[in-house]
Amino acid sequence: MNIAIYTLTSELHDEAAVAAVTKEFLSSMTFDYDFCGADFTSFGTHDLDLIYVRTGGTEGIFRSFYSYFENKIVAPVYLLTSGKSNSLAASMEILSYLRQQGRRGEIIHGTSSYINSRVALLANVERARRSLKGCRLGVIGQPSDWLIASNVDKDAVKKRLGIEIEDIPLKEVLDNIESTVYVGKLPPNVKDAPKSVIRSIPGAMGIYYALKKVVAQHDISGFTLRCFDLLKILRNTGCLALACLNKEDIVAGCEGDIPAMLSMTVSRALTGLSGFQANPSRIDVEKGEMIFAHCTIPLNMVDDFELDTHFESGIGVGIRGRMREGDVTVFKMSGDATRFFAEEGVLVRNQNEPDLCRTQQIIRLDNIEDTRYFLTCPIGNHHIIMPGRWKKQIEELLG
């Protein structure tokens with residue numbers, strides 16, 4: 001992460017004394033940073049820019065500086081303070097001024113352990129926020145007919161997150177398939193797959209190469225695919241293609257679900273992984289346990305996997321992946337970026353029931369009451385499973 005520290009200092013204070021405090025204070029920082037001092041010319045070019053308010057009496061200095069960058073920088077303003085030489089009081093006045101200007105900001109103050117953990121979190125969030133700006137995503141085909149509540153407000157998403165969404169005809173994928181000849185090696189574990197699956201693999205990889213061409217042609221970072229149409233047209237599925245593309249840092253979602261695609265994009269920005277797009281299949285409200293299932297999962301999220309047919313249709317290639325047990329975050333954002341659900345829990349185990357989509361996870365939420373969200377006010381059906389605990393960072397990014 002790329003972090004910079006700038007300073008505000010009043011001339012009324014003795015520089016030698018302030019320098020001694022600065023040295024002691026910054027020596028407790030465990031993160032790497034560029035010390036830019038009072039030279040703000042590079043402000044706004046890092047993952048996280050911190051303004052270290054060294055002394056009181058700096059409010060006017062900040063106001064002069066703010067008039068220079070107020071229309072150039074959109075990120076929140078983070079004020080770092082040791083609490084000595086009236087620095088906290090000055091920071092509070094500055095933050096109040098920022099809020100009057102309609103600007104977000106925060107004073108980072110407290111113990112060294114708190115400051116270090118808070119800066120690490122904010123640096124990753126701001127890095128993610130920057131990566132989303134100008135991100136372009138595609139909707140290949142239209143959303144599936146059954147996604148009646150999964151609408152998107154493209155203007156709101158662009159304004160809030162900087163993400164642009166482009167509609168791409170499914171025909172472009174089909175045209176690319178016609179010109180694709182699959183010559184690659186077969187995926188692992190093929191020998192254990194049903195014969196019908198083995199016969200379907202070249203076609204499934206043809207879909208993979210066709211989608212990869214569409215991504216390059218439209219210069220997009222990810223997409224969601226109206227994949228069920230492929231069942232009728234090609235007698236095959238996009239499950240293997242999506243699993244491979246997600247592994248290659250291309251967000252690849254199912255069923256034309258745009259909010260799920262956006263949620264996977266946020267997941268990748270924060271974690272480096274697209275996340276597992278899945279349906280909640282069963283809920284035990286009393287235990288706080290849920291089963292999430294789908295027929296594809298990013299191959300870089302699993303320890304091992306097997307190939308099977310697609311569950312609903314019994315044709316094509318589906319993925320039965322086993323993710324490592326442990327901490328997870330269940331996440332979904334709305335199509336206008338105004339609402340989200342993020343709760344943490346534990347992947348208790350992977351399972352393999354015959355009457356569910358191929359990849360199946362039993363997840364226990366930390367707070368049993370959180371399961372009621374899925375029964376009272378869910379954001380659509382698909383949700384994204386992210387390895388690790390990311391609730392605070394999601395709240396920081398989208399809150």
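**Figure 1. Tyr6 and Phe40, two buried aromatic residues.** In this predicted model, Tyr6 is buried, and Phe40 is buried as well. Their rings form a stacked pair. The centres are 5.0 Å apart, with 20 degrees between the planes. Tyr6 sits in strand S1 (residues 3–8). Phe40 belongs to the loop between strand S2 (34–37) and strand S3 (48–53). The two residues are 34 apart in sequence, so their pairing ties together separate parts of the chain. Tyr6 and Phe40 also belong to a cluster linked by ring pairs.

**Figure 2. Phe341 and Tyr373, a second stacked pair.** A pair of aromatic rings is described by the distance of the centres and the angle of the planes. For Phe341 and Tyr373, these values are 3.8 Å and 5 degrees. The pair counts as stacked. Phe341 lies in strand S15 (residues 340–351). Tyr373 lies in helix H11 (residues 372–376). This pair links distant parts of the chain, 32 residues apart. Phe341 has 8% relative accessibility, so Phe341 counts as buried. Tyr373 is also buried, because its relative accessible area is 8%.

Figure 3. Thr7 lies in strand S1. Its relative accessibility is 7%, so Thr7 counts as buried. A polar atom of the Thr7 side chain lies 3.3 Å from the backbone nitrogen of Ala38. Beyond its neighbours within four places in sequence, Thr7 is in contact with Phe35, Gly37, Ala38, Phe40, Tyr52 and Arg54.

**Figure 4. Strand S15 between its two pairing partners, S14 and S16.** Strand S14 (residues 326–333) pairs with S15 in the antiparallel sense. This pairing has 8 bridges. Asp327 stands opposite Val346 in S15. S14 and S15 form a hairpin, with 6 residues between the strands. In the turn, Ala337 has a positive phi of about 65 degrees. S15 also runs antiparallel to strand S16 (residues 359–365), joined by 6 bridges. Here Leu347 stands opposite Ile363 in S16.

Figure 5. In soluble globular proteins, nonpolar side chains tend to be buried together. Leu211 touches Ile140, Val173, Phe223, Leu225, Ala241, Leu242 and Leu245, leaving out residues up to four places away in sequence.

**Figure 6. Lys392, an exposed residue in helix H12.** Helix H12 spans residues 391–398 and contains Lys392. At 60% relative accessibility, Lys392 is over the 50% cut-off and so counts as exposed. Lys392 touches Leu121 and Glu344, not counting residues up to four places away in sequence. From Lys392 to Leu230 the C-alpha to C-alpha distance is 38 Å. These two residues are 162 apart in sequence.

Note on methods:
Residues numbered from 1 in each chain as written. Predicted model: local features only at pLDDT ≥ 70, side-chain atom pairs only at ≥ 80, totals over all residues. Heavy atoms only, no water. Phe/Tyr/Trp six-rings, centres within 6.5 Å; stacked < 30°, edge-to-face > 60°. Helix = DSSP H or I, 4+ residues; strand = E, 2+ residues; numbered from the N terminus. Buried < 20%, exposed > 50% of the residue type's maximum accessible area, 1.4 Å probe, protein only. Contact = heavy atoms within 4.5 Å. Polar contact = N/O pair within 3.5 Å; in protein donor to acceptor, adjacent residues only side chain to side chain. Pairing = 2+ DSSP bridges.
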